[in-house]
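Dear colleague,

Please find below the structure that I am handing over to you. My findings follow directly after it.

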Amino acid sequence: MKKEIRELDEFDTFQAILEGKLVPEDYKRIPYMIVFDVKFDLRQKARLVAEGHRTDAPPEDTYSGVVMIDSVRLALFLGVLNDMQTCAVDIGCAYLNARTKEKYFIKAGPEFGELAGHYLLIVGSIYGLKTSSARWHEFLSETLYRMGFKPSKADADLRIKDCGDHYEYVATYVDDLIFVGRDPMKYMDILKKELSP
């Protein structure tokens, strides 16, 4: 649990409302919970999750696109055909990289240490909010676009980069990415800079 709270803090996920200050009128309080899990390698995981199912449906899309399996097969086939390498990555704390447009706050529990009992405005796209997935998808799309990848016409979640004498590819499935290129590890280095808190 300490690791989860530390990561939330590193990503500036909340803005504390300190004593003497009021929560903005257009913000609504939302409950949250801590979800515990044991991973397949026996690591223990805790995740703070907003109870977004108790909120109104937003007027915008709430999804994060996922690449079609045929697009993945095509990218891998083109990679093998053109003697390219493949690199896969699972982005940890993905949603926390994006900012939310939803206006909610929580009352911090004892897991927040010194902030326990304070109201915290949610500014990061925490798990459980209805639009967090869409905010992450927007953030990732903008990041990949800056890296030179544009959505393909057949599948917007298979992106293509024109490298002059060849094309390179990235397939996205929420927070899982597959890069296919001559040196896909260079994209990992760029992502580390873009995604670090």
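Helix α3 has 15 residues and reaches 21 Å from its first C-alpha to its last, close to the 21 Å expected at 1.5 Å a residue (the expected span being 1.5 Å times one less than the number of residues). Helices (H or I, at least four residues) and strands (E, at least two) are DSSP runs, numbered from the N terminus. The model is a predicted one, in which local features need pLDDT of at least 70 and side-chain atom pairs count only at pLDDT 80 or more, while totals for chains, interfaces and linings use all residues. Residues are numbered from 1 along each chain as its sequence is written, and side-chain values use heavy atoms, with hydrogens and water left out.

The buried residues of α3 include Ser132, Trp136, His137, Phe139, Leu140 and Leu144. Here buried means under 20% relative accessible area, exposed over 50%, and partly exposed in between (1.4 Å probe, protein chains only). Among the elements that cover these buried residues are β9 (158-162), β10 (167-173), β11 (176-181) and α4, where cover is judged by contact (heavy atoms within 4.5 Å). After α3 comes Gly148, which has a positive phi near 100°.

The whole structure contains ten salt bridges, each defined as a side-chain nitrogen of Lys or Arg within 4 Å of a carboxyl oxygen of Asp or Glu. Three of them may interest you.

Arg146 and Glu194 meet in one of these, at 2.6 Å from N to O. This pair links distant parts of the chain, 48 residues apart: Arg146 belongs to α3 (residues 132-146) and Glu194 to α4 (residues 185-195). Arg146 counts as exposed because its relative accessibility is 53%, and Glu194 counts as partly exposed because its value is 32%.

Arg47 also pairs with Glu4, with the closest N and O atoms 3.7 Å apart. Arg47 is buried at 18% relative accessibility, and Glu4 is buried at 6%.

Arg54 is exposed at 58%, whereas Glu51 is buried at 11%.

Finally, Leu74, Phe77 and Leu81 make a nonpolar surface patch of about 320 Å². Phe77 lies in helix α2 (residues 69-81) and counts as partly exposed because its relative accessibility is 49%. Such patches are made of residues with over 30% relative accessible area and no salt bridge, like charges being joined within 9 Å and nonpolar side chains (Val, Leu, Ile, Met, Phe, Trp, Tyr) within 5 Å; accessible areas come from the Shrake-Rupley method with a 1.4 Å probe, and for residues only the protein chains shown count as cover.

With kind regards
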